[in-house]
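Welcome! Let us walk through this structure together, one part at a time.

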Amino acid sequence: MEPETAGAGRAGAVIVGAGAGRRLGGVEKAFLSVLGRPLISYAAETFERSPLVEAIALVVPLGSVERAERLVKQAGWRKVVAIVPGGAERADSVRAGLRALRACDWVLVHDAARPLVSERLIADGLAAARATGAAIAALPLRDTIKRVVAESGAAGTGRIGETVDRSNLWAAQTPQVFRRDLLERAFAHAGERAGQFTDDAALAEAAGAEVAIYAGSPENVKLTLPEDLPLVEALLRARLERDRPAEGGEPSCGEAPGGPGLAAVRAGIGYDIHRLVPGRRLILGGVVVPCELGLLGHSDGDALAHATIDALLGACGLPDIGWQFPPGDPRFRDADSLGLLREAVRRCAAAGWKPANVDATVVCERPRLAPFIREMQWRLAEALGIAPDQVSVKAKTNEGLDAIGRGEAIAAQAIMLVTRK
Ligand code: MG
């Protein structure tokens with residue numbers, strides 16, 4: 001391939017998030033909730049936004065492909081051309097993603113666990129790779145490096161064998177950028193041994209390719225252990241604040257004391273409907289309402305709680321209830337929806353918001369809900385962590401019209417206001 005044409009070629013990204021997250025308590029790492037959003041969404045957003053990237057392949061655990069499809073749809077990422085299940089080793093996952101980007105001349109491989117990748121790192125990587133066909137983000141080591149002789153027994157202990165000259169040592173990050181044919185050749189060269197390489201550059205090196213280094217970023221950290229989470233969240237929060245577009249003009253009453261452009265309040269809207277069927281308890285707002293029919297659902301079917309959760313998540317700009325608590329997930333079978341509401345409040349708190357008030361309407365032909373409204377308000381208020389007088393629940397019939405009017409379903413609507421924590 002001529003360097004000139006290669007330089008102008010199409011670039012695609014493989015975002016690798018296929019790890020099982022064994023060191024993160026078994027939660028699939030790509031979907032770990034970070035400031036209320038799945039970890040993989042941060043890197044995906046950045047590649048989606050970069051004008052230099054035309055296509056994205058997401059590599060996720062086999063059991064999470066559907067979940068990723070929902071996320072892509074909800075987030076509206078239009079560059080995602082494939083969601084592919086990862087393999088046992090990192091190399092298998094990258095290869096799977098690479099196959100999905102056949103139309104691309106250049107491939108950026110990036111770890112979903114590095115949510116702080118920036119458009120600058122993408123642009124610099126592509127520019128650096130043009131010279132040799134391969135380049136990776138890396139940083140020179142700052143710490144003094146010791147080679148340690150491990151003691152037998154206790155892990156993480158040992159004696160210093162020697163102090164290593166660090167002057168030529170760099171720590172590899174991602175993106176790692178390759179001309180696609182070069183990376184394909186590297187995989188072919190490694191064959192069965194591909195799984196032994198800890199990054200993609202090592203594969204290319206083993207195949208004799210020249211891999212350039214370009215300046216990574218100290219912010220571009222990798223989330224590996226549970227104790228990494230506070231640092232990653234702090235860096236993301238700082239970046240979200242920095243990137244928030246400043247609003248011009250006079251300060252308004254909607255502005256937080258924290259600074260210009262920071263909205264102090266936001267509103268969200270939620271809607272839900274469930275079928276009424278025999279053999280289920282009727283639960284609304286966490287209250288069991290005596291009735292010969294109940295609401296069908298994977299959880300307890302509490303349409304009022306679900307509308308409230310969606311209003312809350314919407315106000316905070318977070319993915320909806322179906323994303324947060326997937327209906328196919330066995331953990332949420334017959335789940336107490338007020339428990340889900342409490343968890344949604346925690347996720348919104350992590351994103352910097354707290355509920356202020358909610359107003360809801362339940363549309364229900366029968367039974368009569370009036371005797372239970374007060375208790376619903378109390379229970380919702382308790383789950384939201386606000387005073388009962390900040391929760392309003394109203395019940396209406398549908399005047400005998402449509403499915404709700406025929407007593408086949410119950411629907412609920414909610415509007416929620418949130419304020420900055
Ligand atoms: Mg529902």
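A residue is called buried when its relative accessible area is under 20%, exposed when it is over 50%, and partly exposed in between, using a 1.4 Å probe and protein chains only. By that rule H274 is buried, with a relative accessible area of 12%, and D272 is buried too, at 15%. Please keep in mind that this is a predicted model, in which local features need pLDDT of at least 70 and side-chain atom pairs count only at pLDDT 80 or more, while totals for chains, interfaces and linings use all residues. Residues are numbered from 1 along each chain as its sequence is written, and side-chain values use heavy atoms, leaving out hydrogens and water.

D272 and H274 also take part in a metal site: the magnesium ion is coordinated by D272 (OD), H274 (NE2) and H306 (ND1), at 2.1 to 2.3 Å. Donors here are N, O and S atoms within 2.8 Å of the metal (3.2 Å for Na, K and Ca); water is not among the atoms, so sites may look incomplete. Along the chain, the donors follow the spacing D-x1-H-x31-H.

H306 brings us to a pair of helices. In helix 9, H306 is among the residues that meet helix 11, whose side includes L338 and L341; contact means heavy atoms within 4.5 Å. Helices (H or I, at least four residues) and strands (E, at least two) are DSSP runs, numbered from the N terminus.

Now look for strand 16 (residues 353-363) and strand 18 (residues 409-420): they run antiparallel and are joined by 10 bridges. One example is T361, whose bridge partner in strand 18 is Q413.

Methods. Pairing = 2+ DSSP bridges.
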